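Colleague: Please take a close look at the aromatic pairing in this model and at the residues around it.

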Amino acid sequence: MKYFNVTVLNPNTGREEKHLYISRNRLFQNQDGETYCKIYRQTSEVISAEEVTPPSWEAVTCNGRFSCE
């Protein structure tokens with residue numbers, strides 16, 4: 001599955017927000033070709049999106065352990 005770091009325009013505040021590791025199935029295009037993202041049960045217009053590789057479980061948990069020492 002592909003993941004993206006996206007910058008969206010919040011429809012409530014009008015501010016730009018950056019969201020990390022958004023899966024491809026949450027992004028869609030309308031009839032005009034504009035890209036939108038579903039975040040927190042609301043649809044936001046995507047300003048920019050870049051494909052990223054999510055970190056592995058071992059990288060997040062220090063080689064599979066639950067605490068880093």
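Modeller: **The aromatic pair and its surroundings**

One aromatic pair is found when the whole structure is searched. F28 and Y36 make up this pair, which is stacked, with 6.0 Å from centre to centre and 25 degrees between the planes; rings of Phe, Tyr and Trp (its six-membered ring) pair if their centres lie within 6.5 Å, and planes under 30 degrees apart count as stacked, over 60 as edge-to-face and the rest as tilted. This is a predicted model, in which local features need pLDDT of at least 70, side-chain atom pairs count only at pLDDT 80 or more, and totals for chains, interfaces and linings use all residues. Residues are numbered from 1 along each chain as its sequence is written, and side-chain values use heavy atoms, leaving out hydrogens and water.

F28 is partly exposed, at a relative accessible area of 33% (buried means under 20%, exposed over 50%, partly exposed in between, with a 1.4 Å probe and protein chains only). Over the face of F28 lies K38, 5.7 Å from the ring centre; the criterion is NZ of Lys or CZ of Arg within 6 Å of the ring centre and within 35 degrees of the ring normal.

Y36, the partner ring, is also one of the residues in contact with V46, among them L27 and C37, when neighbours within four places in sequence are left aside; contact means heavy atoms within 4.5 Å. V46 belongs to strand 5 (residues 42-52), strands being DSSP runs (E, at least two residues) numbered from the N terminus. V46 is buried, with 13% relative accessibility.

Key. Helices (H or I, at least four residues) and strands (E, at least two) are DSSP runs, numbered from the N terminus.
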